[in-house]
Amino acid sequence: PPAEAARCFARNAEEHSSALVAEISTSSDAAQVVVRVKNGVHYATADFRRSGSGAVGTIALNVRTSGRTSDLLDNLVEGC
């Protein structure tokens, strides 16, 4: 479900870096996560919506990484 996917994404983001804080908003069929660096800089946004018994999502990363962007994305959605 969307809320579960959002909690997973938020947890992964906060575990990825202690400098990140995730805020989750949910409704009955959707959830959104906004991830910010503790200084307020916008890091990422994830929007999830119900699809059957699960969820589909859109993730926008607003960061540069020294590695591959797909590696960062894989870390943020691992287990979700």
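Before anything else: the model is predicted. Keep that in mind throughout.

Let's start with the sheet. There are four strands, in an open sheet, in the order E1-E2-E3-E4. The pairing is antiparallel. Which strands stand at the edges? E1 and E4 do. Each has a single partner strand, so one side of each is left without a neighbour in the sheet. On average, neighbouring strands are turned by 15° against each other, direction ignored.

E2 covers residues 30-37, and E3 covers residues 42-51. The two pair in the antiparallel sense, over seven bridges. Take Ala 30 as an example: the bridge partner in E3 is Arg 49.

Next, the helices. H1 spans residues 2-16. This helix lies across E1, E2, E3 and E4. Against E1, the angle is about 170°. H2, residues 69-77, lies across E3 and E4. Against E4, H2 runs at about 140°.

On to the core. The largest nonpolar core holds 16 residues. Which of them touch the most other members? Phe 9, Val 33, Val 35, Tyr 43 and Phe 48. Several elements contribute. H1, E1, E2, E3 and H2 each supply at least two residues. H1 gives the largest share, with five residues.

Let me pick out Tyr 43. Leave aside residues up to four places away in sequence. Tyr 43 then touches a list of residues that includes His 16, Leu 20, Val 35, Ala 60, Leu 61 and Leu 72. Arg 36 and Asn 62 are also among the contacts of Tyr 43.

Phe 9 and Phe 48 are both buried. They also form an aromatic pair. How many such pairs does the count give? One. The geometry is edge-to-face, with 6.3 Å centre to centre and 65° between the planes. Why does the pair matter for the layout? Phe 9 lies in H1 and Phe 48 in E3, so the pair ties together parts that are 39 residues apart in sequence.

The structure holds one disulfide. The torsion about the S-S bond is -90°, and the link is left-handed.

Are the two ends buried or exposed? Cys 8 has 5% relative accessibility, under the 20% limit, so Cys 8 counts as buried. Cys 80 comes to 48%, between 20% and 50%, and is therefore partly exposed.

Last stop, strand E4. E4 runs over residues 54-61, and Val 56 is found there. With a relative accessible area of 33%, Val 56 is partly exposed. What does Val 56 touch, not counting residues up to four places away in sequence? Asp 47, Phe 48, Arg 49 and Ser 51. So Phe 48 comes up again: buried, paired with Phe 9, and in contact with Val 56. One distance to finish. The C-alpha atoms of Val 56 and Glu 78 are separated by 14 Å, and these residues are 22 apart along the chain.

That's the tour. Questions, please.

Notes:
Residues are numbered from 1 along each chain as its sequence is written. This is a predicted model: local features need pLDDT of at least 70, side-chain atom pairs count only at pLDDT 80 or more; totals for chains, interfaces and linings use all residues. Side-chain values use heavy atoms; hydrogens and water are left out. Rings of Phe, Tyr and Trp (its six-membered ring) pair if their centres lie within 6.5 Å; planes under 30 degrees apart count as stacked, over 60 as edge-to-face and the rest as tilted. Buried means under 20% relative accessible area, exposed over 50%, partly exposed in between (1.4 Å probe, protein chains only). A disulfide is a pair of cysteine sulfur atoms within 2.5 Å. A nonpolar core is a set of buried Ala, Val, Leu, Ile, Met, Phe, Trp, Tyr and Cys residues joined through side-chain atoms within 4.5 Å. Contact means heavy atoms within 4.5 Å. Two strands pair if DSSP finds at least two bridges between them. Axes are lines fitted to C-alpha atoms, for helices over the stretch in contact, and angles run from 0 to 180 degrees between N-to-C directions.
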